[in-house]
Amino acid sequence: MKQATILRTDRLTLSPPAARDWPIYEGWHGDDRDDAWAEFTGDIGHWVVLGFGWFLVRAGEKVVGSVGLHFPPAHAEVELAWNTDEDHRGNGYAPEAARAVLSWGQSRLDVPRIVNYIDRDNTASQAVARKLGATNSRSAPSHDADCDIWVHAEGVA
Amino acid sequence: MTVLATDRLTLRRMKMDDWPAYRDFYASSAAAFVSGPADEKTAWRMFSGQAGHWPLMGFGWFMLESASGPVGTCGLHHPPYQADLEIGWLTFEMAQGKGYATEAARAVLEWAPTVTSAPRIVSYIESGNGPSKRVAEKLGARFDGEMAAHNPACEVWVHAGAAA
C-alpha cells in the first residue's frame, strides 16, 4: 500500500486518518457511533478514491483539529477546509496547518483553483482565509446559499 | 489488491468511475430496502465509507462488474462497535433478477475466512425485502426470529459455515 502523506510545519504534524484515529472520531461525534464511523471511513475513502482528503492535525501527540482538501461530488470545486477542536482554539493552528495543505494541494492537484466555502456568519474562518491570502468572491456555491466562495490565487500560500 | 472472479462477474475495489452508477441507484426507488432513496450527499457518505473500510479492516465492499459494466456491490462490513460481521449485497435496478447478488455473495463468503475469523457472519435484511431474503436462502443462511439490535426492522440472517 502507498505510503501515507505526512506534512510538517513548525509546530504541527499532519497525517491522513488511519486505524489508530478511530477514538478521535468517536470523541468528535459524542454518542453517535454510526455517524462517527461514517465520517471516519468516509474520510479515509476520500483518500482512496480521489488521492487526497482530510489530514488530522497534531501538536505533539495531541490531535488539535483537522484540515483537508474536500471534494465530494456535490461540490463544484476542491475546498480547503479546517476545524480546530474547541480546547485548542486561539493558537493559530488552523492557518498554520491550512497553509501547508494548500501548498501541498497546489503542487499536487490538477485543478484550476482551490476555494473555501465559508458561512457568512463564520468570522473566525473568514479571518483564517484572509491570513492565507484568499479573497472573497461574494458569490455563493450552488450547494449552500449561506456560504461565500473564497478563492486562493495559485502560489500565494 | 483483492479481486475475486465468478462465472459472470469480477469483484473489485470501488473507484471514482463507479460513482455515477452508485449515485443513480441510491436516487431511485429501488434503493428503498437499503436505506434509500438517498440524496447525493448521503450516497457519497456510503460510497466513500465503503472505500475507506478496506485500508482500515483489510476487507470491505466490492463493486460487481459484469461484461456490460457495474451491476451492484457486495462485501463484508464490520464497524468495531458492532458484534457481528455482516455480509451485504445490492444489485442496481437494471441488473436485478439475474442472480448476480447470489453469485457474488457466494464468492465473498468463500473468501471471508481468509480475512476474518469472526465466529459468525450475518446479513441484516428488512422484513419486507423478499428478493434479498431469497438470496440469503439460496446462500444457506437461516433466520430464527432474531431482529437486529441496531435496527428492529431488520431480520438477522445467519450464514452457515462462517467460522470454517
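Tutor: Let us begin with contact, which means heavy atoms within 4.5 Å. In this predicted model, B:Thr102 touches B:Val135, B:Lys138 and B:Leu139, if residues up to four places away in sequence are not counted.

Student: Where is B:Thr102 placed, and is B:Thr102 buried or exposed?

Tutor: Helices (H or I, at least four residues) and strands (E, at least two) are DSSP runs, numbered from the N terminus. B:Thr102 belongs to helix α3 (residues 100–111) of chain B. For the second part, buried means under 20% relative accessible area, exposed over 50%, and partly exposed in between (1.4 Å probe, protein chains only). B:Thr102 has a relative accessible area of 5%, so it is buried.

Student: Which residues is A:Ala129 in contact with?

Tutor: Leaving aside neighbours within four places in sequence, A:Ala129 is in contact with A:Trp82, A:Asn116, A:Ile118, A:Ala134 and A:Trp150. A:Ala129 lies in helix α4 (residues 123–131) of chain A and counts as buried, at 0% relative accessibility. The C-alpha atoms of A:Ala129 and A:Ser103 are separated by 14 Å, and these two residues are 26 residues apart along the chain.

Student: How are paired strands to be read?

Tutor: Two strands pair if DSSP finds at least two bridges between them. In chain A, strand β4 (residues 62–70) is joined to β5(A) by 6 bridges, and the two run antiparallel. A:Gly65 stands opposite A:Thr84 in β5(A).

Student: Why is strand β5 of chain A described as largely enclosed by the rest of the structure?

Tutor: Strand β5 (residues 79–84) of chain A is largely enclosed because 5 of its 6 residues are buried.

Student: How many salt bridges are there over all chains?

Tutor: A salt bridge is a side-chain nitrogen of Lys or Arg within 4 Å of a carboxyl oxygen of Asp or Glu. By this rule there are 13 salt bridges over all chains. One of them joins the side chains of A:Arg11 and A:Glu96 (2.7 Å, N to O). A:Arg11 lies in the loop between β1 (7–8) and β2 (13–15) of chain A and A:Glu96 in helix α3 (residues 93–108) of chain A, so the pair ties together parts that are 85 residues apart in sequence. A:Arg11 is partly exposed, at 39% relative accessibility, whereas A:Glu96 is buried, at 16%.

Student: With which residue does A:Asp21 form a salt bridge?

Tutor: The partner of A:Asp21 is A:Arg58, and their closest N and O atoms are 2.6 Å apart. Since A:Asp21 lies in the loop between β2 and α1 (22–28) of chain A and A:Arg58 in strand β3 (residues 54–59) of chain A, the pair ties together parts that are 37 residues apart in sequence. A:Asp21 is buried, at 0% relative accessibility, and A:Arg58 is buried as well, with a relative accessible area of 9%. A:Arg20, A:Asp21 and A:Arg58 are linked in a network of salt bridges.

Student: How is an interface between chains described?

Tutor: The size of an interface is often given as the accessible area lost when the parts come together. Buried area is that loss (1.4 Å probe) for two parts put together, summed over both. Between chain A and chain B about 1,800 Å² is buried, of which carbon and sulfur atoms give 74%. A:Trp37, A:Val49 and A:Pro73 supply 36% of the area that chain A buries against chain B, more than any other three residues. The contact takes 21 residues from chain A and 22 residues from chain B.

Student: How many salt bridges are counted between chain A and chain B?

Tutor: The count is 1 salt bridge: B:Arg45 forms a salt bridge with A:Asp35, with the closest N and O atoms 2.8 Å apart. On the side of chain A that touches chain B, helix α2 (residues 33–50) of chain A gives the most, with 14 residues.

Notes:
Residues numbered from 1 in each chain as written. Chains lettered and ligands numbered in written order. Predicted model: local features only at pLDDT ≥ 70, side-chain atom pairs only at ≥ 80, totals over all residues. Heavy atoms only, no water.
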